[in-house]
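Hi everyone, thanks for making time. Let's have a look inside this protein together, starting from the sequence and the model on the screen.

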Amino acid sequence: MTIAYGKHYIDKEDIDEVIKVLKSGSITQGNIVDEFASKIARFCRSKYGVAVSSGSAALHLAVKSLDLNKGDEVITTPITFCATANAVLYEGAKVKLVDIDKDTLNIDEKLLQKNINKKTKAIIPVDFRGHPAPLGEIKEICKNKNIKIIEDASHSLGSIYNYKGKNFKCGQNVHTDLSTFSFHPVKHITTGEGGVVTTNSYKLFNRLRLYAKHGIDRNVNMLNKKKRIGSWKYEMFDLGYNYRLTNFQSALGISQLKKIHFFMKRRKEIVKIYNENFGKFEFLKTPFESKNVKSNFHIYTLQVKNNKYFDRYDLFNYLKSKFYAPMVHYIPIHFLKFYKKKYKFKLGDFPVAESYYNQTISIPLFPSMTNSQIEKVIKDINDFIKLKC
Ligand SMILES: *Cc1c(COP(=O)(O)O)cnc(C)c1O
């Protein structure tokens, strides 16, 4: 059996919760959806949560809720999944990329400062692999500039950062306006497909809810006895989408969230064991973690530095031959054909991202990994190194 780079963990309790909903009369559109969204918000210490059908939908609605105009620019980094940048294009704004920091692999705040101009209307920092982006610093840079901040927290449910002596959770929205999560099976918890947007703004919360349901709303004030308007009445206020999450997915999400502390603990254990074993090789770079953060690691990126023995291509293919399914996170946005053509990006535009991309592979990291699987990964990589050096 292949060992993937990431995988969901679903137990009997999860399955029972889903079955309960499937056997009930209401499999979509119910209170369970709102309950799941508010539980995610509460976990992040944010006020409001809106559940949607995917992390990409969450990003789209977050961007949409900002009411951007054509010509507005939104900044993100080249090292993210394309959905982050796509959300900006859906709303007719321009994507501007800013290079990453070589250690945290998150947006480089010094470069960010240099790239902000009058057209910059929003920034989407990505908490890459679970390491919080420099959110306090970004907020500081944006102060008095009317620039909104959307945290792409797809990787960082449960991660914590310290800013000026205080601890904050990813998705808490103290330094950001909105945060988005994905519950795809490789992420920290899963609903199959699904996402949540968190915010502390009641106004944004209402906009997100509206857009997730076709722009349609209904309330008792719309009813009118005199005009013979009954409770069928609804109104469409704006052009929205069907981005709804179902009841049974939400039941799975609620059940999964109960296990988040176990998931976090196990991921941390695995990262620690990997770091101890791979950190000793001078040509390997293990994931960096700043002193002021506690990452809930989503992926384990192992970088192969330039050396005369092997490169990341060799290691990747060796692992494949040993029945692993490693991955590379991510092909930089500016290397993707569509974006390259659209913005005339060239090799060398974002040198730190490119150098990271050329070195990295993601090796297995998921809570249900057994000790013998962890040992096997370590043994196989050690064998490979012995073979090559
Ligand atoms: C997974 C992911 C998304 C998209 O989420 P989906 O639920 O797959 O739509 C967006 N951004 C990042 C950084 C992700 O990892």
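**Inside the model**

The largest nonpolar core has 44 residues, and Val52 and Leu178 touch the most other members. By nonpolar core I mean a set of buried Ala, Val, Leu, Ile, Met, Phe, Trp, Tyr and Cys residues joined through side-chain atoms within 4.5 Å, with buried meaning under 20% relative accessible area (1.4 Å probe, protein chains only). Helix H3 (55-64) is among the elements that supply at least two residues each, and H3 gives the largest share, six residues. Both domain 1 (3-257) and domain 2 (260-388) contribute, so this core lies between them; the bounds come from an automatic or database domain assignment.

A quick word on the model: it is predicted, so local features need pLDDT of at least 70 and side-chain atom pairs pLDDT 80 or more, while totals for chains, interfaces and linings use all residues. Residues are numbered from 1 along each chain as its sequence is written, and side-chain values use heavy atoms, without hydrogens and water.

Back to Leu178: leaving out residues up to four places away in sequence, its contacts (heavy atoms within 4.5 Å) include Ala62, Ile149, Val197 and Leu208. There is also a second, separate core of 31 residues, with Leu284 and Ile374 among them.

And where does the largest cavity lie? Residues from domain 1 and domain 2 both line it, so it lies between them. Among the lining residues are Lys7, His188, Phe263 and Pro367. A cavity here is a set of points on a 1 Å grid over the protein atoms alone where a 1.4 Å probe fits but cannot get out, and lining residues have an atom within 4 Å of a point.

Key: On a 1 Å grid over the protein atoms alone, a cavity is a set of points where a 1.4 Å probe fits but cannot get out, and a pocket is an open set with protein on both sides within 12 Å along at least five of seven lines; lining residues have an atom within 4 Å of a point. Buried means under 20% relative accessible area, exposed over 50%, partly exposed in between (1.4 Å probe, protein chains only). Helices (H or I, at least four residues) and strands (E, at least two) are DSSP runs, numbered from the N terminus.
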